[in-house]
Amino acid sequence: MKSDIIKIGILGIGGIGGFVGAPLAKKYKNSAVKIIFICRDETKNTIQKEGLLFESKGTTETIFPDLVSDNPTEIGILDVLILTCKSYSINSILQLYKDCIGPETTVITLQNVVNAGELIRNILPEAGQIMEGCIYVASNVKKPGHVQHVGGPGKIFVGGKENELLINLLIEGGLDITYVANIKEILWKKYLFVAPVAGITSAYKVTFGQLLEDPDLMHILENMMLEIQSLASRNNVRLTSQDIETSKDLLTKFPFESKSSLQLDFENRAQTEKRFLVDYVIENSNKYQLETLYYNSVNEKIEASYMVS
């Protein structure tokens with residue numbers, strides 16, 4: 001970020017991209033910080049014409065960023081790329097926009113995975129700094145160009161090489177973001193919540209509130225978390241019994257009717273992140289000869305319910 005103009009691109013203006021992009025675009029309008037929404041098709045057309053309609057905490061605002069585009073030439077080289085697409089899109093989308101990522105570009109990941117840095121480095125070995133991160137929020141697309149923040153604090157954690165200037169820029173832009181030295185531990189702690197909850201709500205077709213009220217399902221959920229705890233341990237990350245209790249308690253922080261994004265994707269017959277949230281646990285546990293009795297059961301139920309191939 002050596003020039004007077006700082007270009008920040010948000011790649012994928014869905015639930016997360018809209019939540020992250022809206023405050024930045026609002027704060028830095030008509031300033032030296034240029035906020036670019038990178039999106040395609042109906043989302044791009046709608047935001048270009050009407051702005052991003054963003055609902056949060058009872059208020060609705062219309063946000064216009066500095067640029068809405070899907071053209072790498074028009075976007076140019078970015079100083080910062082905040083990657084908010086779904087995990088299954090990382091490969092194809094980075095190939096599409098690799099010309100926007102130079103050796104000085106900082107890439108911030110906000111996917112629900114524990115290996116985003118590795119995925120990106122494999123695709124773009126010459127990319128600059130990669131800051132792995134995660135966000136605690138429930139934010140959904142009501143329709144293209146209309147994002148609704150449903151619940152969750154919106155807290156963002158990032159790691160990698162410390163960049164105080166960038167973190168302060170994002171904080172001033174309205175994001176609740178914190179740099180942590182040991183991001184792997186944070187990523188696994190979030191995964192401890194996200195992956196089992198995604199699996200069980202999809203398998204049993206229940207909301208967060210219904211899950212909380214069912215002791216049998218909560219028993220399955222806890223055992224899925226124990227299976228992730230074992231896998232984390234093999235990846236040199238220690239998850240405690242208190243971390244499991246904290247993850248279960250996190251369900252109470254969301255509205256009763258909340259659904260996981262995996263569940264919503266299944267319901268909408270959209271592409272899903274099952275490979276990253278369910279299959280990853282089973283396959284990697286198998287490598288270490290760890291049992292995944294509960295994950296296997298949930299996986300079978302998902303495949304039977306949704307006829308997943």
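A salt bridge here is a side-chain nitrogen of Lys or Arg within 4 Å of a carboxyl oxygen of Asp or Glu. The model is predicted, so local features need pLDDT of at least 70, side-chain atom pairs count only at pLDDT 80 or more, and totals for chains, interfaces and linings use all residues. Residues are numbered from 1 along each chain as its sequence is written, and side-chain values use heavy atoms, with hydrogens and water left out.

Searching the whole structure turns up 14 salt bridges.

| Pair | N to O distance |
|---|---|
| K44 and D70 | 3.4 Å |
| E222 and K248 | 2.9 Å |
| K248 and E245 | 3.2 Å |

Helices (H or I, at least four residues) and strands (E, at least two) are DSSP runs, numbered from the N terminus. E222 sits in helix α9 and K248 in helix α10, so their bridge ties together parts 26 residues apart in sequence. K248 and E245, on the other hand, both lie in helix α10, three residues apart, about one turn of the helix.

How open are these residues? Buried means under 20% relative accessible area, exposed over 50%, and partly exposed in between (1.4 Å probe, protein chains only). K248 is buried at 13%, while E222 is partly exposed at 29% and E245 is partly exposed at 38%.

Elsewhere, E185, K189 and D243 are linked in a salt-bridge network.
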